[in-house]
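Let's take a walk through this model, stopping at a few side chains along the way. Have the structure open as you read.

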Amino acid sequence: MSAPESPAPSLWASLKEAVRGTEQDFTEAPVGRAILLLSVPMVLEMLMESVFAIVDVFFVSRLGAEAIATVGLTESILALLYALAMGLSIGATAMISRRTGEKDPDAAARVAVQTIALGGLVSLPIAVAGVLFAQPLLELLGGSPWVVEHGFRYTQILLGGNVIILLLFLINAIFRGVGDAAVSMRVLGIANALNILLCPCLVLGLGPFPELGVVGAALATTIGRGVGVCYQFYRLFRGTSRVAIRRQHLHVEPATLLAMLRLSGSAVFQTLLGTASWTVLVRIVASAGSAAVAGYTIGMRIIVFALLPSWGMSNAAATLVGQNLGARRPERAEQAVWRAGFYNMVFLGSVGLGFIFFAEPLISTFTQVPEVAAVAVRCLRIVSAGFLFYAYGMVLTQALNGAGDTHTPTLLNLVCFWGLELPLAWLLTGPLGMGPSGAFVSIAIAFSVFALLGVWVFRRGRWKLHRV
C-alpha cells in the first residue's frame, strides 16, 4: 500500500514559507505554489526598492526647494544607472536560473562570481566620471547655482559609490535566479531600515550626529545599501543560501564573462530604451503646460506604484522559465508563464477597475488644484483601461528574458515605444488637439500592442530552444 499523500499547505502556511524562505525545488513543485513562493518575496522586494527615494525626499524636503531639486536631478542621472543595473541583472538571472535547473551548483557559483566581477568592472568608470564631473552634470540638467555649488556632494557620493547600487541589484538577481527570493527581500529590508534610521539623523543632525543636510541623505542611503551588500556577501560565502561561493570559484572565466556581456548587452539596451522613452514622453506632455506635467506626474506615480507587485510576479515567471528550461521541462516553463500571466491579469484588472471608478477621490488626496487634478484623473482612467493587456505583456517580456532571449523584448520595446507610442503621443497631443489625454491614449495603445505582439512571439516557442 502506498503512503497517503500529505495535504497541500494552506495559503497562510505558504505565505509564511515564502517570506521566511523555502527549500522547495521549483522544477518539481506544483506550478501555482511555485509562483506564490517566488512572487510574494519578489513583490515585497520591489516595494522596498521604491522606498529609498521616498525616504530621501521626505527628509530633504525640510531643507527647502533647492535641496529637493538636488535629489530630483541626481535621481534622473541614477535612473540611467538603475536601467544599466536592471539590464545586467536580467542576464545574471537567466544564466543562474538555467544552471540551477540543470542541478549544477558549481556552475551557478562560477556564474555568480563573474556577475560580481562584471559589476565591479562596470562601476569603476561611472565612479570616476561621477566624482570628477558631478557639477557639470548638474549644470547640464538645469540645476540652479545653489544646486551646482552646494548639492554636488550628494551626486558625488551616490555616483562615486555606484558599485554598491550595482552589486545590490546584481547579487539579488543571483539570489532570485537560484530561487532564494526571500534572501533578496531580506537584503532590501536591512538596507531600508538603516536608511530610514540614519537619514533623519544625518540630514537634520539629531542627537550626536552632525547636521549634514542633503549630503547626509546620500551617506545614509549609501551606508544602508552598503550593509545590505555586506549581508549578501555573508550569505554567498557562508553557504547559507542555494548558491555557495567557494575558494575554487574565485577566478575570472573569460568565456562566461563574454557570454554574460552578450546576454546583458541587449538587456541593458532594452531597459535604456524603456527609460528614455518615458523621458521623451514627459517632454511631449510638457508642451501642454505645467498643469499637464503635474497631473501626469501624479497619475503615473500612482500607476507605477500599483505595477510594482506585477513586476514581482513577472520576475517570478523569469526564474521559473530559466530553471525549468535548465531541467529540460519547457512545457512546464510555458505553463508557469501562462499561469503567472493569468494571476497578474486578475490582480491588475481589479486595480484598474478601482482606478477607473475611484480616480477622483484618489487624486484628491494628492492635489486640490482643479487643472492638475483633472489631468491626473484622465491619466489614471485612460492608462488603467489597458491594465489587462499590461498584465500579460509584463510577464511575457520577463519570461523571454528569463529564457535568455533578450533580443526579442528589446525589439518589441523599440517598435512599440519608439516606433508607435512616441509618434502617436506627439500626433494626438499636438496636431490632433487632444492635449495631454493624447499622450495617455498613446500609452494604453502602445502597451496593448506590446502585449499582443508578446503573445504572438511567445506562442511561436523559439524561446524554448535558446541556449544560455
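**From a surface patch to aromatic pairs**

Start at F133, which sits in the loop between helix 5 (105-132) and helix 6 (134-140). Keep in mind that this is a predicted model. F133 has a relative accessibility of 46%, so it counts as partly exposed. It also belongs to a nonpolar surface patch of about 480 Å², made together with L124, V128, V131 and L132.

Now for a residue at the other end of the accessibility scale. T74 lies in helix 4 (residues 65-101), and it's buried because its relative accessible area is 0%. What does the side chain of T74 make a polar contact with? The partner is the side chain of T155, at 2.8 Å. Leaving aside residues up to four places away in sequence, T74 touches L138, Y154, T155 and L158.

On to the aromatics: the whole structure holds 14 aromatic pairs. One of them is Y296 with F440, a stacked pair with 6.3 Å centre to centre and 5 degrees between the planes. This pair ties together distant parts of the chain, with Y296 in helix 13 (residues 290-326) and F440 in helix 18 (residues 436-460), 144 residues apart. Y296 is buried at 6% relative accessible area, and F440 is buried at 0%.

F342 and Y343 make a tilted pair, with 6.3 Å centre to centre and 55 degrees between the planes. Here F342 is partly exposed, at 40% relative accessible area, and Y343 is partly exposed too, at 29%.

Last stop: W278, F355, F387, Y390, F417, F447 and F450 come together as one aromatic cluster.

How values were computed. Residues numbered from 1 in each chain as written. Predicted model: local features only at pLDDT ≥ 70, side-chain atom pairs only at ≥ 80, totals over all residues. Heavy atoms only, no water. Helix = DSSP H or I, 4+ residues; strand = E, 2+ residues; numbered from the N terminus. Buried < 20%, exposed > 50% of the residue type's maximum accessible area, 1.4 Å probe, protein only. Polar contact = N/O pair within 3.5 Å; in protein donor to acceptor, adjacent residues only side chain to side chain. Contact = heavy atoms within 4.5 Å. Patch = residues over 30% accessible without salt bridge, like charges linked within 9 Å, V, L, I, M, F, W, Y side chains within 5 Å. Areas by Shrake-Rupley, 256 points an atom, 1.4 Å probe, with all protein chains shown as cover. Salt bridge = Lys/Arg side-chain N within 4 Å of Asp/Glu carboxyl O. Phe/Tyr/Trp six-rings, centres within 6.5 Å; stacked < 30°, edge-to-face > 60°.
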